[in-house]
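Please look through the sequence and the model shown here, and then follow the points below.

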Amino acid sequence: MKKVQNKITFSFRRLFWILAIITIIGSGCKKFLSIPLPTNNIAGVAVFTNDASVVAALNNVYSQIITSDVLSGNGSIGQYSGLYTDELTYEASANNTAIQPLYLNTVVSDNTGGMWTGIYNRIYSVNRAIEGITTDSSLLHKNQWLGEAYFLRGFLYFYLTNLYGDVPLATTSLYTTNNTLSRNPAADVYKQIISDLKQAQSLLTDDYIDLNGNQTTDRARPNKATATAMLARVYLYTKDYKDAEAQADSVISNSGYQLESSLNNVFLSTSKEMIWGLDPSHLINVVPDAPAYIVIADTTPQASQVNGVLSSNLLSAFEPGDQRRVNWVDSSTTSTAVYYYAYKYKVRTNITAVSTEYLVPLRLAEQYLIRAEARAYNNNLEGAKEDLDMVRTRAGLPNTTASSQSALLTAILHERQVELFTECGHRFFDLRRTGNLDKVMNVVSPQKGSSWQSFEQWWPIPTKDIQEDPNLTQTPGYQE
């Protein structure tokens, strides 16, 4: 594992080569890396002296979020948490010693520490951007770039605290500060997340902006609605249901966003449901979740280099007639078995000049489910039913029969399971925040041939980081 110094501030020389290599690989791509960083003072203030270099620095963060297995692909939060809970079944023939412990709920820091390090590396880059943009008054689109940076920091800390619980709050790039941080209570981390997202909300506009600061229809850069949608999610997680409803309502009432009538359009680059999407142009135009989940016809998962297929628990959760089961699940049949896999992203290989699909971390269907849950807790049961039925209707299902608060909350959790499966860890986080994780995992873990303990709701952090930082402690339950 990297040292804490590398975790939060890694060396200027290493950062230069990472950026240089990615820029070379991504040359010609549409958005993320078409503006190279200057070749001197890569990690210094000089990076942020003009709009083009600021955009390149931010683009590198977007690129790393999608390419470094944080949100998409093998080793991503979605895949790891899907195996960890009840969404995915590990393909034993893959013999993947990094993946198997997640499925068996027997993780150690070697299995989950890489995610910790990767997210903190991204946070370090964002902190450098915030510091550089704040001190430069010459930028033409300063508010946009600063708003993006604050959004990214809040977004990254959301995933960090939902994986590891109490985590250090690094809001500066100073090594002397970051290398002695202790773990902050999750409540304090959420306060910082909310502060960052509110900052982003105040700085960003309703328009989507391209890398030149011009208005665009492309949704690859965050706008005000992006920050608002993330705030709605965070307020839901912190049980601030009044504000969760208000923020989700702001997005839902925006005519620029609509539920796609066709489920096969939801993850397209042109989707009207997408609030924010990450463009994989620098990855040969393929969202990494596609090759990570799709099993090639008539082959085994092992032959397709797929580590996990959809579990029987998830497959049985779909109601008869659910079009998500028809459109977002596919299968490969061999002489010995049928393997069902997530088919939300359908382009496994692509040689076209543009990406037809985007990775979609924030979309309108989630906002309806957020508002439904918030309304249920706020005793607006009819409003909760209306929002829930919006998602069900699009899936080809009849209106919910749930009528009491308790029944509606159960129905909403179920709807989130079949609507948001394999998307960025929703199922894992939902089970824990609603108090259902132990109940579900005490049933699921024995099915996997393992057992479950309550402390496993949080993941362990790198042992090396603890050794380097005297104030850093291991996640409770994982102490050696």
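Does D298 count as buried or exposed? D298 counts as exposed, because its relative accessibility is 61%; buried means under 20% relative accessible area, exposed over 50%, and partly exposed in between, computed with a 1.4 Å probe on protein chains only. The model is predicted, so local features need pLDDT of at least 70 and side-chain atom pairs count only at pLDDT 80 or more, while totals for chains, interfaces and linings use all residues. Residues are numbered from 1 along each chain as its sequence is written, and side-chain values use heavy atoms, with hydrogens and water left out.

**Overall composition**

- The protein has 20 helices and eight strands; helices (H or I, at least four residues) and strands (E, at least two) are DSSP runs, numbered from the N terminus.
- Of the 480 residues in the protein, 60% are buried.
- Contact means heavy atoms within 4.5 Å. Among contacts between residues at least 6 apart in sequence, 70% join residues at least 24 apart.

**Two helices in detail**

- The expected span of a helix is 1.5 Å times one less than its number of residues.
- Helix 7 (residues 142-164) has 23 residues and should span 33 Å, which agrees with the 33 Å between its end C-alpha atoms.
- Helix 7 is mostly covered, since 21 of its 23 residues are buried. G165, which has a positive phi near 80°, follows helix 7.
- Because 13 of its 14 residues are buried, helix 15 is largely enclosed by the rest of the structure. After helix 15 comes N379, with a positive phi near 65°.

**Strand pairing**

- Two strands pair if DSSP finds at least two bridges between them.
- Strand 6 (residues 329-333) and strand 7 (residues 338-342) run antiparallel and are joined by five bridges. These two strands form a hairpin, with four residues between them.
- Within this pair, D330 has Y341 in strand 7 as its bridge partner.
- Strand 4 (residues 274-278) pairs with strand 8 (residues 359-363) in the antiparallel sense, over three bridges. L278 has L359 in strand 8 as its bridge partner.
- Strand 4 is mostly covered, with five of its five residues buried.

- The structure holds three cavities of 30 Å³ or more. On a 1 Å grid over the protein atoms alone, a cavity is a set of points where a 1.4 Å probe fits but cannot get out, and lining residues have an atom within 4 Å of a point.
- The second largest cavity contains about 50 Å³ of space; grid points are joined across faces, edges and corners, and a volume is the space filled by probe spheres set on the points.
- The lining of the second largest cavity consists of D289, A290, Y293, A342, K344, Y345, T422 and E423. Helix 12 (residues 289-293) gives the most to this lining, with three residues.
- By type, the lining has four nonpolar, one polar and three charged residues. Ala, Val, Leu, Ile, Met, Phe, Trp, Tyr, Cys and Pro count as nonpolar, Asp, Glu, Lys and Arg as charged, and the others, Gly among them, as polar.
- T422 is located in the loop between helix 17 (405-419) and helix 18 (426-433). T422 is buried, because its relative accessible area is 4%.
- Leaving aside residues up to four places away in sequence, T422 touches G78, E87, L88, D289, Y293, L310, A342 and K344.

**Loop residues**

- D298 is in the loop between helix 12 and strand 5 (308-310). D298 has a positive phi of about 65°, although it is not a glycine.
- N105 is in the loop between helix 5 (100-103) and helix 6 (109-134). N105 also has a positive phi, near 55°, and is a residue other than glycine.
- N105 counts as buried, because its relative accessibility is 2%.
- G449 is in the loop between helix 19 (437-448) and helix 20 (463-468). With a relative accessible area of 64%, G449 is exposed.
- G449 and N105 are 344 residues apart in sequence, and their C-alpha atoms are 9.8 Å apart in space.

Definitions and conventions: On a 1 Å grid over the protein atoms alone, a cavity is a set of points where a 1.4 Å probe fits but cannot get out, and a pocket is an open set with protein on both sides within 12 Å along at least five of seven lines; lining residues have an atom within 4 Å of a point.
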